[in-house]
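Hello,

I am handing this structure over to you. Please look through it first; my notes follow below.

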Amino acid sequence: MGKITGFLEFDRKIEAYEPVEERLKDYKEFTIPLPEKELKEQGARCMDCGIPFCHSGCPLGNLIPDFNDAVYRAKWEKASEILHSTNNFPEFTGRLCPAPCEEACVLGINEDPVTIENIEKNIVETAFKKGWITAKPPLNKTGKKVAVVGSGPAGLATAQQLNRAGHDVTVFERDEKPGGLLRYGIPDFKMEKNIIDRRLEILKEEGITFKCGVHIGIDIKADALKEEYDAIILTGGATIRRNLPIEGSDLKGVVQAMDFLGQNNRRVDGITDLGEEIKATGKDVVVIGGGDTGSDCIGTSFRHGATSVSNFEIMPMATTERPEGQPWPFWPMRLRTSSSHKEGAERFFSISTKKFIGDADGNLKGLITSEVEWIKTPGQRPQLKEVPGTEKEWKCELALLALGFTGSENTVSNQLGLEMDARTNIKASENDYKTNVPGVFAAGDQRRGQSLIVWAISEGRQAAHHVDKYLMGETALPLKGEGDLPRV
């Protein structure tokens with residue numbers, strides 16, 4: 001695999017960024033691709049390690065050493081075939097995945113790991129550029145009708161797999177266009193929406209039907225959908241946002257992150273009927289929540305022209321190295337600094353927001369925080385404790401709540417009588433993705449809770465396997481890491 005001495009000869013390289021002052025002028029992607037020669041060298045760094053733990057680190061089971069070797073040998077079309085055999089949408093994961101495969105890379109034990117994610121992105125972009133990615137409609141049809149509710153990565157993966165098995169697949173999406181949070185959550189500077197649209201064109205050419213602006217449970221009752229289709233797969237995501245129930249949370253200027261990000265994506269898309277405007281222009285912004293969504297709010301706020309952006313995280317600042325108790329090849333909770341953080345945000349850790357302060361007209365003008373510490377007792381969960389005498393008042397006209405999601409919306413589940421788990425996700429077995437209602441399946445965040453895009457695609461592929469088996473009694477659709485997709 002790769003060049004035997006490649007990991008000794010070549011250092012890890014990733015794409016550079018355009019200067020901050022340039023990239024803040026618009027919402028376009030701002031990475032600078034590596035030359036092909038350097039990409040081949042990065043592929044050469046993939047060791048002949050015997051047991052490629054990157055496979056287990058990747059929820060899709062991508063055949064990483066195989067496509068790295070193909071890149072090293074300049075066999076780009078072969079690399080694309082290998083990559084697409086386990087991943088329906090590498091152009092999404094190659095931009096947005098946090099790369100658990102890289103944390104599991106054997107080389108990463110004592111050196112910088114192979115730059116797997118960037119190689120993946122360049123493989124699929126080369127394939128699109130060369131015209132190798134084309135529609136592959138099924139050769140035969142089964143006559144079975146399948147409804148996929150939700151068009152995020154889990155829904156799209158489910159739909160493509162079941163369409164390849166020969167079923168008539170209809171994807172229902174309540175928003176204006178397909179894509180889920182890929183379209184109305186992820187900022188364009190991380191992934192421009194033409195990336196979604198070009199893949200959607202292929203899915204449509206393959207025979208998948210998309211019905212947007214249709215809210216299942218509202219516009220079409222769930223039981224009516226069940227009567228019309230032989231199987232339903234629910235992939236609507238974990239969309240209930242976590243609130244911050246403190247004094248002043250109803251002030252104008254305290255905004256959920258997804259409302260802020262979704263509106264901005266629609267604005268970039270040219271939509272003008274957006275309702276009440278949510279913008280950071282000329283404001284002191286505080287983003288509450290230190291994850292990816294918080295990072296997206298930071299980058300968007302700077303592009304609006306915010307006066308300042310502060311980022312609050314209630315957890316302590318992690319180390320840049322692997323913490324104790326999180327050994328290789330497991331995913332480590334280390335400090336991660338995004339491109340948006342580097343655009344000028346000031347980050348604060350172990351800090352809790354206690355109160356929002358408003359003016360006479362109900363507008364947010366500030367907030368009060370205190371420092372906190374986490375008390376660890378053996379055998380018990382850490383307890384949060386406020387540090388006395390650390391209260392501080394901050395000027396703030398826009399507070400963005402990037403606190404994650406608590407579970408799945410229940411309109412459809414109530415109408416169908418679906419069981420829910422303790423976290424308000426739809427209860428469906430990981431063995432076959434079936435709910436308690438025959439013919440109804442669930443996958444992605446709506447089944448497992450808020451998670452990664454790569455997990456969503458994996459869930460969609462796995463669910464499709466079990467749906468096809470339910471409909472036909474047997475299936476040729478692959479499970480995780482099971483090689484090529486069939487044409488039937």
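Are H9 and H12 parallel or oblique to each other? They are oblique to each other, where angles under 35 degrees count as roughly parallel, over 145 as roughly antiparallel, 65 to 115 as roughly perpendicular and the rest as oblique.

Before the details, some ground rules. This is a predicted model, in which local features need pLDDT of at least 70 and side-chain atom pairs count only at pLDDT 80 or more, while totals for chains, interfaces and linings use all residues. Residues are numbered from 1 along each chain as its sequence is written, and side-chain values use heavy atoms, with hydrogens and water left out. Helices (H or I, at least four residues) and strands (E, at least two) are DSSP runs, numbered from the N terminus.

Helix pairs

Two packed helices are described by the angle between their axes and the distance between the axes. Axes are lines fitted to C-alpha atoms, for helices over the stretch in contact, and angles run from 0 to 180 degrees between N-to-C directions.

Helix H9 covers residues 116-130 and helix H12 covers residues 194-205; their axes come within 13 Å and cross at roughly 60°. This crossing of H9 and H12 is left-handed (the near helix is turned anticlockwise from the far one by less than a right angle; clockwise would be right-handed). In H9, Val124, Glu125 and Phe128 meet Ile195, Arg198, Arg199 and Ile202 of H12, contact meaning heavy atoms within 4.5 Å. The residues of the contact of H9 with H12 comprise 4 nonpolar, no polar and 3 charged. For these classes, Ala, Val, Leu, Ile, Met, Phe, Trp, Tyr, Cys and Pro count as nonpolar, Asp, Glu, Lys and Arg as charged, and the others, Gly among them, as polar.

H9 also pairs with H5: the axes of H5 and H9 come within 11 Å and cross at roughly 60°. The crossing of H5 and H9 is left-handed. Ile64, Phe67, Asn68 and Val71 of H5 make the contact with Ile116, Ile119 and Ile123 of H9. By class, the contact of H5 with H9 has 6 nonpolar residues, 1 polar and no charged.

The crossing of H10 and H18 is right-handed. From H10 the contact residues include Pro153, Ala157 and Gln161, and from H18 they include Ile453, Ala456 and Asp468. In the contact of H10 with H18 there are 9 nonpolar, 3 polar and 2 charged residues.

Annotated regions

UniProt positions are given in the numbering used here, feature names are shortened, and annotations may be inferred rather than shown by experiment. The record places "domain: Dihydroprymidine dehydrogenase" at residues 24-131. Over residues 24-131 the chain is 53% helix and 2% strand, with the end C-alpha atoms 32 Å apart. The record places "domain: FAD/NAD(P)-binding" at residues 144-460. Over residues 144-460 the chain is 25% helix and 24% strand, and the end C-alpha atoms are 18 Å apart.

Single residues

Alanine 147 is in strand S3 (residues 145-149). Its relative accessible area is 0%, so alanine 147 is buried (buried means under 20% relative accessible area, exposed over 50%, partly exposed in between, with a 1.4 Å probe and protein chains only). Beyond its neighbours within four places in sequence, alanine 147 is in contact with residues including Thr170, Phe172 and Leu225.

Glutamine 256 belongs to strand S8 (residues 254-256) and counts as buried at 12% relative accessibility. Not counting residues up to four places away in sequence, glutamine 256 touches Arg241, Arg242, Asn243 and Leu401.

Alanine 74 sits in the loop between helix H5 (64-72) and helix H6 (76-84) and counts as partly exposed at 35% relative accessibility. Tyrosine 433 is in the loop between helix H16 (411-416) and strand S18 (440-442) and counts as buried at 3% relative accessibility.

The peptide bond from tryptophan 328 to proline 329 is cis, with omega near 5°. Proline 329 lies in the loop between strand S10 (308-313) and strand S11 (346-349).

Regards
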